[in-house]
Amino acid sequence: MDLETLLSYDWGVMAPEFIILGVATILSIVDLFAPKHFNRRILGWIGLAGILAALASLFNLAGLEATSILYETFRLDSFAKAFKILLLIGSALVMLIAISYEPKEGMQEYKGEFYYLFLTGLLGAMMMSSSGDLITLFVGLELLTISSWILAGIRKKHLPSNESAMKYVVNGGISTAITLFGMSYVYGITGTTNLMEMGPTLAQLANSQYLYILALSFFMIFIGLSFKLATAPFHMWAPDVYQGAATPVTAFLSVVSKTAGFALLVRIIIVVYLSTPAGTSGLSAMTPLLVSLQDYIAFLAGATMIIGNVVALRQRNIKRLFAYSSIAHAGYLLVAVTALSAFMFDALWFYLGAYLFMNVGAFAVIQIMTGSSDREDIGEFAGLYKRSPILAVSMAVFILSLAGIPGTAGFIGKLNIFMGALITEPAHYVLAAVMIATTVVSYFYYFGILTQMFFRPAASMEKINIPIGLVIAIIISVAATILFGILPNIGFDFLHTNFNGFVDLLQ
Amino acid sequence: MENAWIIPLFPLLSFLFLLLFGKRLKETSAYIGMLFTLLSFIYSLVVLFDRFSNPTYKAEATWLTIGDVQLTAGFEINQLNALMLVIVSLVSFLVHTYSKGYMHGDDRFHVFYAYLGLFTFAMLGLVISPNLLQTYIFWELVGAGSFLLIGFYFYKEEAKAAAKKAFIMTRIGDVGLLIGMILLFWQVGSFEYDEIFQAVEAGSVSAGMVTLTAILIFVGAVGKSGQFPLHTWLPDAMEGPTPVSALIHAATMVAAGVYLVAALFPLFTASETALMVVAIIGAVTAIFAASIGLVQKDIKRVLAYSTVSQLGYMMLALGSAGYVAGVFHLMTHAFFKALLFLAAGSVIHAVHTQNIEEMGGLWKKLRITGPLFLIGTLAISGVPLFSGFFSKDEILIAAWAHGNTVLFWLAVIAAFFTAFYMFRLFFMVFSGNARSEMKNVHESPSVMTFPMIVLGILAVVAGYVNTPWFGTFLGDWLVDGNEALGHGHIEGPAWIMIVATVVSLLGIFLAWMMYGKRSISRDWLSSRMPIVYGILYNKYYIDEFYQLSVVNATKFFSYLFHYIEKFLVEGIVKGITGVVQGLGRIGSKIQSGQIQGYGAMAFVGLALLLVIFAITGGYLK
């Protein structure tokens, strides 16, 4: 590639990525050369400013047609834009929490890393949602994963944090191996790594042996990526890692990492497996491979919802409980993926957005409550309403939204997914029923937290100080959770006017 | 009527305001709550009178677009909704006023008022919803509000358990409602009441589907209105403060189930089976709860079972195609039962116990509460000229006219039980000798007696809006312009009214014989009324006869039902929770912390999927 070709690309479409990369680089250099006693909290604010600048530049690109550069490896289509908005907003909120994070042993020495590793992780996530090629896609995935590994172990002198990082590394390695193995099959059959070029080749596949191999690759890629989504059967790392990692990292893993995982999963399965016929003759040649595999995804979705919600019933540790809750929510999202309804993208996007606000908000409150003490028992929430009514009411909003109570964004999200599962032909009754039943089960543990906050006497009446970063994060989350719960059309209208139904995903 | 949407917003404002500033306002919070609910009430009255002269008003806007389905939100003022608005806002206002005295001195006074505001908002929002989805949303919110209010004394273990039980039991019903709602949507393509009725009328929904959805929606109503077998939460919910019982368990939340069936009445009338289910459940609940009420010792529990029983009556009326009868009884019951609860609260406030065996002789001490309680008791017992008489009569006529002979007689027996246990309660509390330890008994302050007086007047006069003698104004108005709701008044044989009267007087008489007689010395009677003396001579005979037959028989049944409730219903509930918890235990056991296990799990999962794929759809085929 000569310089001329290099310059001929429309680099502008990568502006958000460049901003994040630039800010991350600047932060690492400043961190390296700044004196030891320099308060690195300012780096967090700079990182936040960088994320907001990237968000602004993304909105600047909103009207752009689907463009791809670097030999079709980087695509900026409406799908990528929509998911990047979620990733950036999620990261901005996580950054706000991170700025206020202060573990009991202090983290002065590596606070700089703490901030810019979020940015590199975010960069990986953005690449994942935008990649048009298995190679860039994998590089993005690894960038996110490796940043997360370090982040999980950022509290060097805290044993659970070390354990958490270790478990994450090993399981992540396994998942990467499985994913790559699956991808190699896809490459072997199509002879290309480019997603856009695969489509036509796959559509004309007429050898049933090839189709069988392709189906195997589907399972491997799906299982490999289920590590990122924290869905069955690759969910077991989540409780241990969520519990041990620093709270902002847990929030990052459960929101940003999960959103990126879904963006990647949906892109691959839509582009590769929806354009492949299920068989070589008759009716099966007319149905896409993905549709013939729906039952398997449905099974995994059901298993994920059941495992997440049922095991959560027995958790006393609040972060562990939220790990299982996050598994359960990934299960609900898989229901939307299974159904493949006409508005699957809307449902996924809205649910991930709603989940982002309610979950980050909840983690912000968890960080305040567990604070510097590392006591993470649910009992820590006892009497919160007495100690700080506003904090308790905010947490109640998040919990109600997570439980899917009407009037909150979580309800609209669930309703969308639920309707999607029912209006497709054939309708997924069993899956919808499992979703309802497990949602009812989830009320038990969610309301357990509410009972603690409102109905239990407080152990101490110690005043609660809320750092400014968390105040902003909680206010934004509460406002968004209620706003999108009462006027959900704001979100859907935005989606429809700007992203045109994602028709350019396959073009 | 165009601005009726503002009515639910007043209590919401009160809730938000008190949530944020209540701590500073302390007991001044009461005035805030009272002011806002009074505004709601006045506006509701205006809307009601407006509705008398104008047609139904409906306003809607698109709320959510899913694919090409548009969901709307808005409000509708039809006859039923206008009536419900007035009932709910009035009772809520009176309860707000009463609570100022009752809750005086409580640490969390302002919290209580905030919760009352939230609950009232949800209930008012529920009764003006123009579609099922919106109804469902407010339905859940009502559940949440009642959860907070029932569990208000959260430091009491029983209150906490009761709040949880109420929430979960009603939720079981809600699942039915939700499924029914989704099925209807799937069939009709809309949540709008109007469109559902049109589709049902046009026959575009199959008969089986109409029955199925109607019954599923009725399951939701069963949970909310405490019908058999999901009634167990209601008596336990008496752990909440007494004004809450008056608001939630008399006039509003428990009536929501009846309201739902009434609002969807054209759907139910389209299916004879669904109507039959409603009628049978209603009648069984009516007699079942009444029989349990006979042996209860807690003043609020007696009232709770009587509420369950009266709600059964309403369901029976609706199930017998007696739309007007059901709604009419809903209205009169709201007034006299709220009165009874508030009066019971006043008694509890005075004597600090809820056990009626420890009470007695309060008639002379509670000179206002006593007569008011009597009015409520007469009304619920169906004594002629009181409101309950007219509405109960309508129900019996509806049941008879619909041909439900067995259910009709069940309802008559239940009416006898009702009169008996209500007067048993009355005599045990107010007649006889005062207990020695209850010397320090005072009448409640006027802030508490005023709401009771208002309700007392309504408990007497509310029945006259719909009588066979002075015109059936309410009935005619309710069904005006909507033929699907049936007739405003159903003519029934005159003997029904006589039977109802005789039965209730018989119940009162028996109660008096057993519990009231103790206050009258034998000499007094034998000297002045020799004829009565003859009857009194037989009193042991009646007593023993009663003891041998009726009491034992009813005791048997009430214990039987008690055990059914305890072992069968709760057993099933416990079984389900046990299975879920067991699964949870297994799940957390697998989560051992051993990292190799986690990786193995992923591999096993992958291998399993591949094997299944190979066998079912892949290579081996």
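1. A399(B) sits in helix α17 of chain B, which covers residues 387-401. The model is predicted, and the points below should be read as such.

2. A399(B) counts as buried because it has 31 C-beta neighbours inside 10 Å, where 20 or more are required. Leaving aside residues up to four places away in sequence, A399(B) touches L316(B), S320(B), N404(B), L407(B), F408(B) and A411(B).

3. Over residues 519-526 of chain B, pLDDT stays under 50, and the model has eight contacts beyond four places in sequence for them. Residues 531-547 of chain B also stay under 50, with 12 such contacts in the model.

4. For the complex, the predictor gives an ipTM of 0.80 and a pTM of 0.73.

5. The contact between the chains draws 43 residues from chain A and 43 residues from chain B. On the side of chain B that touches chain A, two or more residues each come from β1 (57-66), α5 (132-150), α6 (157-188), α24 (539-590) and α25 (595-616). The largest share, 11 residues, belongs to α25(B). By type, this side of chain B has 25 nonpolar, 14 polar and four charged residues.

Note on methods. Residues numbered from 1 in each chain as written. Chains lettered and ligands numbered in written order. Predicted model: local features only at pLDDT ≥ 70, side-chain atom pairs only at ≥ 80, totals over all residues. Contact = placed C-beta atoms within 7 Å. Helix = DSSP H or I, 4+ residues; strand = E, 2+ residues; numbered from the N terminus. Nonpolar A, V, L, I, M, F, W, Y, C, P; charged D, E, K, R; others polar. pLDDT = per-residue confidence, 0-100. Buried ≥ 20, exposed ≤ 12 C-beta atoms within 10 Å, placed from the backbone.
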